[in-house]
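Subject: Structure handover

Hello,

Please find the structure below. Have it open while you read the notes that come after it.

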Amino acid sequence: MRKRSKIGIGMGLGMLWAVLVVGCPQSLTQPFVPINVALISAFVPGGLFLLVIIGRLAQRRFFEDAIIDGDPFRPGSPAEIDQRVLQNTVEQLVLAMALWPFVGLTLGALVVIWMGVGFAIARIIFWLGYHLSPPLRAFGFAASFYPTVLGALWAIVVWAK
């Protein structure tokens, strides 16, 4: 199977993940959770992932002479890959901060809590996939990005009714 086909499968599975993460909690009886508590709970898993990846980069800098002084990472090196994962995670968390409050208010607080936990799991898969296999990377990216897109679109439709 070709690389693009494998990546396409990973992206398709990421969309399925998004449907489950956004759709399943809406079908559950939602306990009352104040939206501010839900959003704090939703962003903690992503924040913890940031803590881990930033710590990993700091560890790499401390133990590798070539980068201890803050020099750029060698292209394609494990440290450079970790830097790309960090950058993409920050970008996606900023997007989530802009959209998840609306999603939570419109679709329910439980939805954003699920999105937060799903985001952290998907980021770990993205990170591992970046080091191991492009299809895993594609799934991890899609599984962390698509729930935000789907949640925002779904919330817009519900809000517009």
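The notes below go from the whole chain to two residues.

This is a predicted model, in which local features need pLDDT of at least 70 and side-chain atom pairs count only at pLDDT 80 or more, while totals for chains, interfaces and linings use all residues. Residues are numbered from 1 along each chain as its sequence is written, and side-chain values use heavy atoms, with hydrogens and water left out.

The whole chain

The chain has 5 helices and 0 strands, and its pattern along the sequence is α-α-α-α-α. Helices (H or I, at least four residues) and strands (E, at least two) are DSSP runs, numbered from the N terminus. The C-alpha trace spans about 55 × 40 × 25 Å along its principal axes.

Of the 161 residues, 41% are buried. Buried means under 20% relative accessible area, exposed means over 50%, and partly exposed is in between (1.4 Å probe, protein chains only). The accessible surface of the chain is about 8900 Å², and carbon and sulfur atoms supply 71% of that; the areas come from the Shrake-Rupley method with a 1.4 Å probe, and for residues only the protein chains shown count as cover.

Contact means heavy atoms within 4.5 Å. Among contacts in the chain with a separation of 6 or more, 77% are between residues 24 or more positions apart.

Asn88

Asn88 is in helix α3, which covers residues 78-107. Is Asn88 buried or exposed? Asn88 counts as buried because its relative accessible area is 15%. Apart from neighbours within four places in sequence, Asn88 is in contact with Arg123, Phe126 and Phe141. With Arg123 there is a polar contact between the two side chains, at 2.8 Å. A polar contact is a pair of N or O atoms within 3.5 Å; within protein, one must be able to donate a hydrogen and the other to accept it, and residues adjacent in sequence count only if both atoms are side-chain atoms.

Tyr130

Tyr130 sits in helix α4, residues 109-132. Tyr130 has a relative accessibility of 18%, so it is buried. Which residues does Tyr130 contact, leaving aside its neighbours within four places in sequence? They are Ile81, Arg84, Val85 and Arg137. The side chains of Tyr130 and Arg84 also make a polar contact, at 3.1 Å. Pro78 is 52 residues from Tyr130 along the chain, and their C-alpha atoms are 9.2 Å apart.

Regards
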